[in-house]
Amino acid sequence: MTEEEFDAFYTAAFPRLVGQLYAFTGDHAEAQDVVQEAFVRAWDRRTSFDAAEAPEAWIRTVATRLAVSRFRRARRWLELVRKDAPREQVPGPGPEHVALVAALRTLPPAQRLAVVLYHVCDLSVEQIAAETGAPAGTVKARLARGRAALARHLSPEEAETMTGTKEATHAP
């Protein structure tokens, strides 16, 4: 088969073979991949193909075998994955955490940063001042305003858990 004959064969047979392999695999992209791979393999043998010898049957057979091989590999991979120990389920955030994040989002960015660095990252006022480039007095003011704003958005219990233990150790 010449290159021109092969090109004509490819143009005519590719859509038909993809349709057949799609019916076999149930996945259109997979069908396209295996038919394309079969045509690549056929390209190397195009000189030995004869139009009278049903080259489409050869490509269909190769594509079907490729699809089965890929299916077996995927199934084996799933078996291996399932044998691994199940991953621990991490519980989602509790209602207090969700409320705190929502309240933090209401703060201006500078206040939010100060509150997070102080209460979450456990930095001192001096460390926050050095990191943000703001004077220590400004950091203290941002913390005070941020806490006041958070107190308006959170219940008294949530606000206490946010500031309760840290106030005693890092009072600004």
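Q: Which residues touch the most other members in the largest nonpolar core?

A: This is a predicted model, in which local features need pLDDT of at least 70 and side-chain atom pairs count only at pLDDT 80 or more, while totals for chains, interfaces and linings use all residues. Residues are numbered from 1 along each chain as its sequence is written, and side-chain values use heavy atoms, with hydrogens and water left out. A nonpolar core is a set of buried Ala, Val, Leu, Ile, Met, Phe, Trp, Tyr and Cys residues joined through side-chain atoms within 4.5 Å; buried means under 20% relative accessible area, exposed over 50%, and partly exposed in between (1.4 Å probe, protein chains only). Here the largest core has 19 residues, of which Phe-9, Leu-21, Val-35, Phe-39 and Ile-59 touch the most other members. H1, H2 and H3 each supply at least two residues of this core, and H1 gives the most, with 7 residues. Helices are DSSP runs (H or I, at least four residues), numbered from the N terminus.

Q: What is Val-35 in contact with, leaving aside its neighbours within four places in sequence?

A: Contact means heavy atoms within 4.5 Å. With those neighbours set aside, Val-35 meets Phe-14, Leu-17, Val-18, Leu-21 and Ala-63.

Q: Which residues of H2 are buried, and why are they on the same side of H2?

A: An α-helix has 3.6 residues a turn, so residues three or four places apart point the same way. In H2, the buried residues are Ala-31, Val-34, Val-35, Ala-38, Phe-39 and Ala-42. They lie on the same side of H2 because they cover an arc of only 140° around the axis, the arc being that of the directions from the helix axis to the C-beta atoms. Helix H1 (3-25) and helix H3 (55-83) are included in what covers them.

Q: Is Glu-56 buried or exposed, and what does its side chain make a polar contact with?

A: A polar contact is a pair of N or O atoms within 3.5 Å; within protein, one must be able to donate a hydrogen and the other to accept it, and residues adjacent in sequence count only if both atoms are side-chain atoms. Glu-56, in helix H3, is buried, with a relative accessible area of 16%. Its side chain makes a polar contact with that of Arg-16 (2.8 Å). Not counting residues up to four places away in sequence, Glu-56 touches Phe-9, Ala-13, Arg-16, Leu-17 and Gln-20.
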